[in-house]
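Please open the model in a viewer and keep the selection tool at hand.

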Amino acid sequence: PVYAPNAPHNTRPAGQATNLVLLLVFLGASWTTLFDAIEEELSKKKAQLILGWPDDATIVIPMTAALVIFLVGAVVAARRVAKVPTIRLVTTKQAPELMLGKGMMWHLFNSHIWSTGQDAVAVIKNELQQLLPGIKVFLDVDDLEDIGALESYIGRSQVILFFLSKGYFRSKNCLREIRSSLEKGKPIILVQEADPAKGGGSIEELRAECPAELQPAVFDQLFPLVVWMRIEEFQLVSLKMISEALLVQTPTYAGLRSLPLTIPGEVQGQNLVFAKQVVLWASPANQGARRMANELAASFPGVAVDNAAEMPERATHMLLYLCEESWSDDRLAEQVKQVREARLPIVMAHENDTERGGVPFSRFFETTPQELIAAGLYRDLAIACFSGLHRQVSLSLLAKAIGAIQRAQDSVSIRRSLSSILSRKAVTSVEAESSLTEASLPETSASVVEASRV
């Protein structure tokens, strides 16, 4: 047995607006009635002294103005809410159904440690409420009433999210939530904080903090693992991964191994094209640049890769690939100087995947020649390159950095529709002409026409 959740999160502004409008109307009517009553019983002057209004009309005018201003603001806010993109099923382009199993109160329980996870899980909850209207997410600051009832909250949650950050496995309450989730056989989503500046670390480092007896149960069960991102375009991918892992555990989609989702407007879903061919120079002196450039060219027609030893005349851009081996070849610094002097655009790709030689960006302030840093090489932002499902976002951002634009889908659809209409008209015209011809011919001639079609 299942039941639908309460009213969607994005309908709350409308309810709040209605309540405030009713309050303004009530206050205006009450003050006007009170003013008239005091004026009738005592005098107008007494009413003015008691209420501070010169007359009842003066009460109505500012209340009406405030009501109009508020209604305009409410309309603007409602339009903004309506424009917020929500998660859709790839197959139907419709919003997924959110159902709760019998006895469940929340779709998702956020298990985290305050010191390094509170800000991130608050964002996860708020963003999921926008992307999946109607979702119910447990967050301690909003829903915890009794710390002694943690196990009960876990029991009434459909899916449990472990936010893995430094200190998480040292928290007694977090360990209670982990053990309760495992004992109850709850579906689990692992979300990894990877930014060291935010208390993150590698999976190996986070596993080392976990009690030895819990390590196999947490890390070896192939639970969905999501790397948490803070850059908007990448964060949407993380949120989609969380949403998919959550939805396949709901009664509606139970049994599905995957549930492809999309968000209108997401960068990797845009139909990017180039107005003219781009020739990307990937210098052999820049370790890994050719591989990155080829990866980009394979994803976007219109990108050609030149691996010449020196700057080619046909190059439209230089790819500066920043990884562990960057700047190990002295030729690269000289080539970057030449490119800057020639005013050839440089697009920088910062590798974050450790298996591809990714290192923190701060590393490059130690390895890059100081004269290039002083000349402002890093004033322009580098495109972060991540692994997994986030990789396509990186490639799309790189494509846009070298001139890719989104093809106007509306104009394409219009052209296709016009083409279809014209084709149908042409067919109709031919059929009508044939009918007239057949009608004007003798029966034997009509038979010849029919035979000629065959």
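Select arginine 230 to begin: this residue has a relative accessible area of 33% and is therefore partly exposed, a class that runs between buried (under 20% relative accessible area) and exposed (over 50%), computed with a 1.4 Å probe on protein chains only. The model is a predicted one, in which local features need pLDDT of at least 70 and side-chain atom pairs count only at pLDDT 80 or more, while totals for chains, interfaces and linings use all residues. Residues are numbered from 1 along each chain as its sequence is written, and side-chain values use heavy atoms, with hydrogens and water left out.

**The salt bridges of arginine 230**

Arginine 230 and glutamate 193 form a salt bridge whose closest N and O atoms are 2.8 Å apart; the term denotes a side-chain nitrogen of Lys or Arg within 4 Å of a carboxyl oxygen of Asp or Glu. This pair links distant parts of the chain, 37 residues apart: arginine 230 is in the loop between S8 and H10, and glutamate 193 is in strand S7. Helices (H or I, at least four residues) and strands (E, at least two) are DSSP runs, numbered from the N terminus. Glutamate 193 counts as buried because its relative accessibility is 0%.

Now select aspartate 119. Aspartate 119 also forms a salt bridge with arginine 230, with 3.6 Å between the closest N and O atoms. Here the partners are 111 residues apart, with aspartate 119 in helix H4 (residues 114-131) and arginine 230 in the loop between strand S8 (225-228) and helix H10 (232-247). Aspartate 119 is partly exposed, at 43% relative accessibility. Displayed together, Asp119, Glu193 and Arg230 are linked in a network of salt bridges.

**Along helix H4**

Move to lysine 125 and aspartate 142, whose side chains meet in a salt bridge (2.8 Å, N to O). Lysine 125 lies in helix H4 and aspartate 142 in helix H5 (residues 140-143), so the pair ties together parts 17 residues apart in sequence. Is lysine 125 buried or exposed? Lysine 125 has a relative accessible area of 7% and is buried, whereas aspartate 142, at 48%, is partly exposed.

**Where H4 meets H10**

Show H4 and H10 as cartoons. The two helices pack at an angle of about 75°, their axes 11 Å apart; axes are lines fitted to C-alpha atoms, for helices over the stretch in contact, and angles run from 0 to 180 degrees between N-to-C directions. H4 is therefore roughly perpendicular to H10, a description applied to angles of 65 to 115 degrees. To see the contact (heavy atoms within 4.5 Å), select Val123, Ile124, Glu127, Leu128 and Leu131 of H4 together with Gln235, Leu236, Leu239, Ile242 and Ser243 of H10.

**Isoleucine 189 in strand S7**

Finally, select isoleucine 189, which lies in strand S7 (residues 188-193). Isoleucine 189 counts as buried because its relative accessibility is 1%. Which residues beyond four places in sequence are in contact with isoleucine 189? Among them are Leu108, Val159, Phe162, Pro224, Val226 and Ile242.

**The whole protein**

Zoom out to end the tour. The protein has 17 helices and 16 strands, and buried residues make up 40% of its 454 residues. The structure holds 16 salt bridges.

Technical notes: Parallel < 35°, antiparallel > 145°, perpendicular 65-115°, else oblique.
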